[in-house]
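Keep it brisk and grouped by topic.

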Amino acid sequence: MSREINNMDMPEDQYNPACDTGDSVAGLKRQSPWRKDIKVRGIIASVVIGIMYSVVAMKINLITGLVPNLNVSAALLAFVFIKTWTKLVHKAGFTTTPFTRQENTIIQTCAVACYTIAVGGGFSSNLLALNKKTYEQAGVHTAGNSPGSYKEPGIGWMTGFCFVSSFVGLLALVPLRKTMIIDYKLTYPSGTATAVLINGFHTPKGDKMARKQVLGFAKFFTGSFLWAFFQWFYSGSGTCGFTKFPTFGLKALANSFYFDFSMTYIGAGMICSHLVNLSLLAGGVLSYGVMWPLIGDRKGDWFPSNLPQSSMKSLNGYKVFISIALILGDGLYNFLKITFFTARNIYTTSRKNKTNPDDSNEPQDNLQSQRNEVFLRESIPFWVAATGYVMFSIVSILIIPIMFPQLKWYFVVVAYLIAPALGFCNAYGAGLTDMNMHYNYGKVALFVIAAMSGNENGVVAGLIGCGLIKSIVSISSDLMHDLKTGHLTMTSPRSMVVSQAMGTAIGCVVAPLSFFLFYKAFDVGNPDHEYKAPYALVYRNMAILSVEGFSALPQHCLQLCYGFFAFAILANMVRDMAPNKIGKWVPLPMAMAVPFLVGAYFAIDMCVGSLVVFIWQKINKQKANLMVPAVASGLICGDGLWILPASILALAGVKPPICMSFLPNP
């Protein structure tokens, strides 16, 4: 679900490079061919960073489904990697080519494309929803959950699915890159922020700042890794240790209110805005603090007392479907809002061009002219993009129905016919607001395809169709973000597309392997363990709801869903229309929905990260703005890297020697 919480990008009060557009590159002239920017050392760096972030993103995805934007962090790591590389090479007595902002951009693009497959490939949502465990959790006797409508995860078919579904999106919007970035002048805030960071690194002043960031990253990376290693010794059976520390008492622990010492989520909280973190906490308090205890007391009245808590007809049904209502309400509102802004902006721009046709030839400063010249110099012919799109589409149309007979070939054809239009709408909206709405397009496809495919095939067809649309729409939007970064760093579009393609290919191999690292070593999908994968159950129940209708809901759940759906729309309207001093305190429904399923513990971790940033900014705002991305990246990467040795130990049958748990005083 990364990028399902789009407000998770760094807020201006924490990190504000986007106010600049990289004027430090004034006077720079790019003359070297685009192939010179793609170097062996850069590919190695991209693979290393991509693998690390794939593991980190997969971990966060399988725990909560809430992944922060790591683009800026990837740019920082690319700088760290190559600077370390060149120093070692120089000490060995060899010379190397200079490290340029263009190479930095290429590495960042390739690494982000790699880990994006782990984030948006559906491993924690629509693909995992196909497995037998999720099928059983959704209720084997549920009418829409037809017998045999499951497919166990496999490296082979998951890798194949990634390859046939991911590359189409790379070419969908390439012919429109000039229109989106130069003609419409879309900002793409994340892409701009990444470009400004990279441009800042490659200046004399930026080099000094970068050294401070590198040192901060190294310190907190090491500390986070060692802390994760230390915690492992006390984790015993997996239900004990520091991750179950009763910070607020045993009763609060039973209701998921505790601080679990996760450096990953403290780091994520430092990157996310204060509003996101407080929204998560509000969702945790409302659900596990108020609603679930009250609904649990209705056992025997609202739902049978002999059902297990995990049944969809029991308490778990309320958790899942109320979360779905919040997600759909928030998604519908933002979808309509972005569609409105997109249509209005296109209309305004077209009217302006008709009224003032010479605006496109208005004087430009030298720096902007250089950027545009580099961006347009090495064009990608339309016929190349169109031919590639058609070829990849034909391959997908032939292979997907063979892999999943429940999804008829004509659904895949329709998906690829409408995908460029959907991708344009999503990329245009992302350029205006930084909100990648791919998950909403995927959910619409899920509902439509599942309903049209019928009871027997609906669930599987809907889940796979959802994955196809999500992949195309998301990757095409991400490419525009990267092209915006390339425009501001004067990096050739050809090298950007090639690096995105390389990163996507690497990600199609790395992401399934990262998933199976967790799937084989840990109990993924168990609601009582760490890797709950909550969105797998959500997506499957969305498909069941499409096929079966509201009969799938437990008693009084429909009325609660109506209420929370309306709340999500109303909250968004108030935040957008009310004065800023009121709207800035209105919680985000999408963020609130996550603790409804997972619990409040990770929201407490993220609020601790937010508190650290708040205090740091009060003490020294300039230093905080400089160091927060580096410190947060170090915490996330150090804790995430421990997953590799922890998984190897688990697969080898090596268990932690101590189980630290807490019992009430007799």
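**Helix packing and selected residues in a predicted model**

Leu-517, Phe-518, Lys-520 and Ala-521 of helix H18 meet Ile-643, Leu-644, Ser-647, Ala-650 and Leu-651 of helix H24. Contact means heavy atoms within 4.5 Å. Helices (H or I, at least four residues) and strands (E, at least two) are DSSP runs, numbered from the N terminus.

This is a predicted model, in which local features need pLDDT of at least 70, side-chain atom pairs count only at pLDDT 80 or more, and totals for chains, interfaces and linings use all residues. Residues are numbered from 1 along each chain as its sequence is written, and side-chain values use heavy atoms, with hydrogens and water left out.

**H18 and H24**

- Ala, Val, Leu, Ile, Met, Phe, Trp, Tyr, Cys and Pro count as nonpolar, Asp, Glu, Lys and Arg as charged, and the others, Gly among them, as polar.
- H18 spans residues 493-521 and H24 spans residues 643-651. They pack at an angle of about 45°, with axes 9 Å apart.
- Axes are lines fitted to C-alpha atoms, for helices over the stretch in contact, and angles run from 0 to 180 degrees between N-to-C directions.
- H18 and H24 are therefore oblique to each other. Angles under 35 degrees count as roughly parallel, over 145 as roughly antiparallel, 65 to 115 as roughly perpendicular and the rest as oblique.
- The crossing of H18 past H24 is left-handed. That term applies if the near helix is turned anticlockwise from the far one by less than a right angle, and right-handed applies if clockwise.

**H12 and H22**

- Helix H12 (residues 274-296) packs with helix H22 (residues 589-598) at about 40°, and their axes are 7 Å apart. That angle makes H12 oblique to H22.
- H12 and H22 cross in the right-handed sense.
- On the H12 side, the contact residues include Val-276, Gly-283, Gly-284, Tyr-288 and Trp-292. On the H22 side, they include Met-592, Pro-595 and Phe-596.
- This contact has 13 nonpolar, four polar and no charged residues.

**H14 and H17**

- Helix H14 (residues 366-377) and helix H17 (residues 438-488) cross at roughly 125°. Their axes come within 8 Å.
- H14 and H17 are therefore oblique to each other.
- H14 contributes Gln-368, Arg-371, Asn-372 and Phe-375 to the contact. H17 contributes Leu-483, His-487 and Leu-488.
- By class, the H14 contact with H17 has three nonpolar, three polar and one charged residues.

**Residues in H17**

- Ala-450 lies in H17. Ala-450 is buried, with a relative accessible area of 0%. Buried means under 20% relative accessible area, exposed over 50%, partly exposed in between (1.4 Å probe, protein chains only).
- Neighbours within four places in sequence aside, Ala-450 is in contact with Ala-445, Gly-458, Gly-462, Ala-543, Ser-546 and Val-547.
- Ala-450 and Val-547 are 97 residues apart along the chain, yet their C-alpha atoms are separated by 6.1 Å.
- Ser-474 also has its place in H17. Its relative accessible area is 6%, so Ser-474 is buried.
- Not counting residues up to four places away in sequence, Ser-474 touches Asn-436 and His-438.

**Lys-623 in H23**

- Lys-623 sits in helix H23 (residues 601-641). Lys-623 is partly exposed, with a relative accessible area of 46%.

**Positive phi in loops**

- Most residues other than glycine have a negative phi.
- Tyr-188 is not a glycine, but has a positive phi of about 45°. Tyr-188 lies in the loop between helix H7 (177-183) and helix H8 (189-201). Tyr-188 is buried, at 0% relative accessible area.
- Phe-261 has a positive phi near 60°. Phe-261 lies in the loop between helix H10 (250-254) and helix H11 (263-271).

**Whole chain**

- The protein chain has 24 helices and zero strands.
- Buried residues make up 58% of the 666 residues.
- Among contacts with a separation of 6 or more, 83% join residues 24 or more positions apart.
- The C-alpha atoms fill a box of roughly 75 × 55 × 55 Å, taken along the principal axes.
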